[in-house]
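Subject: Handover of a structure

Hello,

Here is the structure I promised to pass on. Please open it first, then read my notes below.

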Amino acid sequence: MRYYLGMLIVLLIGLSSGTQSQELKDTLFFNNGSVFVGKVKSIGLGIITFKPDDANEVKVQLRKLKTVHTTSRLYRLETVKHTVYYANLVPDVKAGYVRLVGPVDTPSIFLRDITGLMPLE
C-alpha cells in the first residue's frame with residue numbers, strides 16, 4: 001500500500017513540474033493568415049517588435065496584423081488617448097482589435113490605437 005501511495009506522489013510531482021516548466025508564447029495573427037509564435041518585445045510608432053521562435057527579431061507594421069495574443073508576461077500599454085493599462089492582449093471578435101485582460105477591467109481597443117507597449121519585468 002505504501003509503495004502505491006509513494007508512486008502516486010512521485011507521479012503527481014512529475015506531472016505538476018512538467019506543466020509549470022512549459023514556456024508560454026506570444027502570437028501574432030496577420031491579415032493574410034500567417035501566424036508568428038514567439039515573444040512580443042515592444043510596440044511604438046505603429047510598429048511591433050517581435051522575436052519569433054527560431055528566427056531573428058522582426059518589426060511589423062500594426063496595420064498588417066489582424067490581432068495579437070500575449071501570454072508570456074504582463075505589459076504596460078499606452079493608447080493614443082494617453083490612457084495607461086497593465087494587461088495582457090488577447091484576440092477580440094473584431095479583426096484589428098484586441099481585448100486587454102488586466103487586474104481591473106477588460107476593454108476592447110483598436111490595435112493601431114496602441115502607441116506604446118513595454119513588458120513589465
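One term before the details: a contact means heavy atoms within 4.5 Å.

This is a predicted model, in which local features need pLDDT of at least 70, side-chain atom pairs count only at pLDDT 80 or more, and totals for chains, interfaces and linings use all residues. Residues are numbered from 1 along each chain as its sequence is written, and side-chain values use heavy atoms, with hydrogens and water left out.

**A buried aspartate**

Start with D92. D92 sits in the loop between β7 and β8. Its contacts, leaving aside neighbours within four places in sequence, are T67, Y97, V98, R99 and S108. D92 is buried (under 20% relative accessible area; exposed is over 50%, partly exposed in between; 1.4 Å probe, protein chains only). Yet D92 has no salt bridge (a side-chain nitrogen of Lys or Arg within 4 Å of a carboxyl oxygen of Asp or Glu). The nearest side chain of opposite charge is R99, 4.3 Å away. Lys and Arg count as positive here, Asp and Glu as negative; His and the chain ends are not counted. What joins the side chains of D92 and S108? A polar contact of 3.2 Å. That term means a pair of N or O atoms within 3.5 Å; within protein, one must be able to donate a hydrogen and the other to accept it, and residues adjacent in sequence count only if both atoms are side-chain atoms.

**The fold and its core**

Of the 121 residues, 31% count as buried.

The largest nonpolar core has 21 residues. Such a core is a set of buried Ala, Val, Leu, Ile, Met, Phe, Trp, Tyr and Cys residues joined through side-chain atoms within 4.5 Å. I48, L65, V68 and I114 touch the most other members. β7 gives the most to this core, with three residues. I48 touches, among others beyond four places in sequence, L28, V40, L65 and V68.

**Two positive phi values**

Most residues other than glycine have a negative phi. L45 has a positive phi of about 55 degrees. L45 lies in the loop between β2 (35-44) and β3 (47-52), and is exposed at 85% relative accessibility. H82 has a phi near 65 degrees, also positive. H82 is in the loop between β6 (75-79) and β7 (84-91), and is exposed at 63%.

Best wishes

Terms used:
Helices (H or I, at least four residues) and strands (E, at least two) are DSSP runs, numbered from the N terminus.
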